[in-house]
Amino acid sequence: MLKWMLSSDQQIPYHDPRAIDLWFKVLKWFKPDVIDYVGDIDDQACYSRWTDGRSAEFTAMYKEDGAEHLLPYIAAEAKGARDFYTQTRSMATNAEIFVALGNHDVRVFDYVDKKLVEIKETVTPNFLWGLDDLGIDYIYYGDKPKHRYGGLYAHHGIAISKHAGESVKADMESFGVSIIRGHSHRLATTHKTFTLRDEILRGYELGHMSDVNSEGMSYTNIHNWAQGFAVGYVDGDEAHISLVEIKPDYTCVVSGKKFAA
């Protein structure tokens, strides 16, 4: 039986260090065979449309002549997420690790394609985060959801709603499959039964691990979100997923064991 852990929306450098510390404490104890990160590990705010033309835009912060000279700075912007992936691999040496890049993760690729096209072929997921070097499989945000285990597909998520569960329900219905996703920063599960074909579709929203008080999360003052992640077991063709809530005091319970950060 495979053990599976899943998480999303760390939003580095706007992450919550205690939430991430809790994640790694559980990972060390749980010893997963499979780890899925379903997007927005790296926030990449300096490449977003919200900073376009402002002092926080990447090319406004780094004014060196020529795109080639900007490569070290692009790498530096990704270092926090790269360290996160490296830590994951160091703690789970033999685990299968999969990443569904989110809309924030891919901001840099869109930005380079628009404003620094000379280095487009250089700026890759491996250049930024070392994913290939770490033996981590991945899909881009624009790709279709990837089949994982037990009939479940993984993607960062397309639809968005202010109500927990509605975002994943919309994606589940759009793609016609059971799906695990992030994007909404909400923690929820939903099921839809099709009696005539004896099928139940399942949808999971994995919460987030960002710091709601950080500058990067200040685009809204309504944070009706939930910190959390998921653990699961894969038994043949069946996957059993449990959502794990991170309490305000940075505790959680996994398989009857309490963890604290």
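Proline 13 sits in the loop between β1 (2-7) and α1, where helices (H or I, at least four residues) and strands (E, at least two) are DSSP runs numbered from the N terminus. The structure is a predicted model, in which local features need pLDDT of at least 70 and side-chain atom pairs count only at pLDDT 80 or more, while totals for chains, interfaces and linings use all residues. Residues are numbered from 1 along each chain as its sequence is written, and side-chain values use heavy atoms, with hydrogens and water left out.

**Backbone features in loops**

- A cis peptide bond, with omega of about 15°, joins isoleucine 12 to proline 13.
- Aspartate 40, placed in the loop between β2 (34-37) and α2 (58-61), has a phi near 60°, which is a positive value in a residue other than glycine.
- Aspartate 40 is buried at a relative accessible area of 2%, where buried means under 20% relative accessible area, exposed means over 50%, and partly exposed lies in between (1.4 Å probe, protein chains only).
- Tyrosine 250, in the loop between β11 (238-245) and β12, likewise has a positive phi near 60° without being a glycine, and its relative accessibility of 16% means that tyrosine 250 counts as buried.

- When neighbours within four places in sequence are left aside, tyrosine 85 is in contact (heavy atoms within 4.5 Å) with Tyr37, Ile41, Val99, Trp129, Leu131, Leu134 and Ile136.

**Cysteines**

- The structure holds zero disulfides, a disulfide being a pair of cysteine sulfur atoms within 2.5 Å.
- Cysteine 46 is buried, its relative accessible area being 7%, and cysteine 252 is also buried, with a value of 2%.
- Cysteine 252 belongs to strand β12 (residues 251-254), and, not counting residues up to four places away in sequence, touches Leu22, Val26, Phe229, Val244, Glu245, Lys257, Lys258 and Phe259.
- Between cysteine 252 and serine 8, which are 244 residues apart along the chain, the C-alpha separation is 16 Å.

- The largest pocket holds about 1,100 Å³ of space; grid points are joined across faces, edges and corners, and the volume is the space filled by probe spheres set on the points.
- On a 1 Å grid over the protein atoms alone, a pocket is an open set of points where a 1.4 Å probe fits, with protein on both sides within 12 Å along at least five of seven lines, and lining residues have an atom within 4 Å of a point.
- The largest pocket has 45 lining residues, among which Ser48, Trp50, His104, Arg107 and Tyr219 lie nearest its centre.
- Two or more lining residues come from each of α3 (71-77), α4 (79-91) and α5 (107-115), and α5 supplies the largest share, with five residues.
- The lining comprises 17 nonpolar, 15 polar and 13 charged residues, with Ala, Val, Leu, Ile, Met, Phe, Trp, Tyr, Cys and Pro counted as nonpolar, Asp, Glu, Lys and Arg as charged, and the others, Gly among them, as polar.
- In α5, the buried residues are Arg107, Val108, Phe109, Tyr111 and Val112, and these buried residues pack against α2, α3 and α6 (125-129).

**Partly exposed residues**

- Methionine 61, located in helix α2, is partly exposed at a relative accessible area of 38%.
- Beyond residues up to four places away in sequence, methionine 61 touches Cys46, Ser55, Ala56 and Glu77, and its C-alpha atom is separated by 9.7 Å from that of tyrosine 73, 12 residues apart along the chain.
- Lysine 192, located in strand β8 (residues 187-194), is partly exposed at a relative accessible area of 31%.
- With neighbours within four places in sequence left aside, lysine 192 is in contact with Met172, Glu173, Glu199, Ile200 and Leu201, and the C-alpha atoms of lysine 192 and serine 178, 14 residues apart in sequence, are 9.3 Å apart.
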